[in-house]
Amino acid sequence: MKAKYLNPFTDFGFKKIFGEEASKPQLIDFLNSLLPERDQIVELTFKNNEQLGFTPYDRKAIYDIYCENQNGEKFIVELQKAKQNYFRERTIYYSTFPIREQAEKGIWNYNLKAVYCIGVLDFTFDDYESEPEKSEVVHTINLKNQHGKVFYDKLTYIYLEMPNFKKEEHELATRLDKWLYFIKNLEDFQNIPELFKDEVFTHAFQIAELAKMDREDWERYEYSLKVFRDNKATYDYAVETAREEGLLEGMMVGKQAGREEGREEGRQEGRLQGKLEGKLEGKLEGKLEGKLEGKLEGKKEEQRNIARQAKMMGLDTSSIQRLTGLSLEEIDNL
C-alpha cells in the first residue's frame with residue numbers, strides 16, 4: 001500500500017515535522033513530554049543550526065534542530081538513524097557549543113543557562129549489562145558524583161531508543177507514549193487514529209501528508225528517502241553479515257569445546273570400561289592360575305603318597321626317586 005504520510009526517520013521528514021517555524025507547536029509539545037513540569041516550555045526560538053569554531057580552522061557542528069526557550073535554555077534535537085562509533089562523544093562535543101556561546105565579554109559570573117541534548121535513535125546501545133536498561137526507551141543522563149548525586153543539573157542528555165518502544169495503541173498512557181507511537185508508525189498510517197484528534201497532532205498529520213507537498217519539497221523528500229533506504233540496507237547487510245560470521249565462529253568454538261568435552265568423557269568411559277575388562281580378565285587369569293596351581297599341587301601330593309608306599313615296601317631311595325621324580329630331600333622328609 002502506498003504511503004500517505006512521510007517517513008519521520010528521514011532527515012527531511014524529521015525537520016518537516018519538528019524543525020520548521022510552522023511546526024513549532026509540535027516541537028514544543030514533544031519536548032514538554034520529555035521534561036518535568038517545572039521545566040515546561042512556553043515559547044521557542046529557532047537558532048542557527050550551524051555552529052562555527054573560534055577560528056576558520058576549528059571544526060564546526062551542524063545540528064538537525066537547535067532552539068532556545070523563553071528562559072534562554074538551549075535545546076539540541078538530533079535524529080540518528082544508524083549506530084555510529086563514538087555517538088555519545090559526538091553529542092557531548094555538540095553540547096559544548098551552546099555552553100561556549102553563553103560567554104560574555106568583560107565581567108561575567110559564569111551563571112550558565114541549561115543545555116539539553118536530545119537524540120531520537122533508530123537503534124539501541126548494546127553495552128547495557130542488565131535489565132531494565134537494555135529494554136528501556138528513555139535514557140536520561142546528568143553529571144553525577146561518585147555517590148550517584150547530581151553534581152550539575154544544567155546539562156542533560158536524553159536518548160530515545162525507538163526500537164525498544166513496542167507499545168500498541170491501547171497501551172499508550174502518556175503524552176510521550178503518543179509521540180513515540182506517532183514517530184514510529186507515521187509512515188504506515190492511512191488515516192488519523194482517534195487518539196490523535198487534538199489540535200497539535202492533527203496539525204502534525206497535515207504537515208506530514210505527502211499529497212500536500214509542493215514539487216520542490218517532494219523532490220527533497222524523495223532524495224532524503226533514498227538516502228535513508230540506502231543507509232538502512234547497508235546497515236542491515238552489515239548486521240546480517242556480522243551475525244553470520246558470529247554464528248560460524250560460535251559453531252567452530254562450540255565444535256572445539258565439544259571435541260574437548262567428548263575427549264574427556266571418552267577418557268572417563270575408557271577408564272571405566274578398561275577397569276571392568278581388566279577386572280574380568282584378571283579374574284579369569286587368576287582362576288586359571290589357581291586351577292593350574294591346584295592341579296600341580298594335587299599331582300605333587302600323589303607323588304608323595306607313592307613315595308611313602310614305596311618306602312614302606314623297602315625300596316631304596318634311588319629307586320623311589322626314579323619312580324616319583326621327587327628330590328632326595330623330599331623323600332627323606334616323608
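1. A salt bridge is taken here as a side-chain nitrogen of Lys or Arg lying within 4 Å of a carboxyl oxygen of Asp or Glu. The model is predicted, with local features needing pLDDT of at least 70, side-chain atom pairs counting only at pLDDT 80 or more, and totals for chains, interfaces and linings using all residues. Residues are numbered from 1 along each chain as its sequence is written, and side-chain values use heavy atoms, with hydrogens and water left out. Under the salt-bridge rule, the count comes to 21.

2. Because D198 lies in the loop between α4 and α5 (199-208) while R175 belongs to helix α4, the pair ties together parts that are 23 residues apart in sequence. Helices (H or I, at least four residues) and strands (E, at least two) are DSSP runs, numbered from the N terminus. D198 is partly exposed at 26% relative accessibility, and R175 is also partly exposed, with a relative accessible area of 28%; the classes are buried for under 20%, exposed for over 50%, and partly exposed in between (1.4 Å probe, protein chains only).

3. Helix α4 also supplies D177, whose partner K167 sits in the loop between β8 (150-161) and α4 (175-185), 10 residues apart. The closest N and O atoms of K167 and D177 are 2.8 Å apart. D177 counts as buried at 8% relative accessibility, whereas K167 is partly exposed at 34%.

4. A further salt bridge joins D64 and K15, at 4.0 Å from N to O. This pair links distant parts of the chain, with D64 in the loop between β3 (61-62) and β4 (65-69) and K15 in helix α1 (residues 11-18), 49 residues apart. D64 is buried, with a relative accessible area of 15%, and K15 counts as partly exposed at 30%.

5. Beyond these pairs, salt bridges link K16, E20, D217 and R220 into a network. In general, side chains of opposite charge can pair when their charged atoms come close.

6. On the surface, K275, K279, K283, K287 and K291 gather in a patch of positive charge, a patch being made of residues with over 30% relative accessible area and no salt bridge, with like charges joined within 9 Å and nonpolar side chains (Val, Leu, Ile, Met, Phe, Trp, Tyr) within 5 Å. Among these lysines, K275 is found in helix α6 (residues 215-312) and counts as exposed at 63% relative accessibility.

Notes
Areas by Shrake-Rupley, 256 points an atom, 1.4 Å probe, with all protein chains shown as cover. Lys, Arg positive; Asp, Glu negative; His and termini not counted. Charge placed at Lys NZ, Arg CZ, Asp CG, Glu CD.
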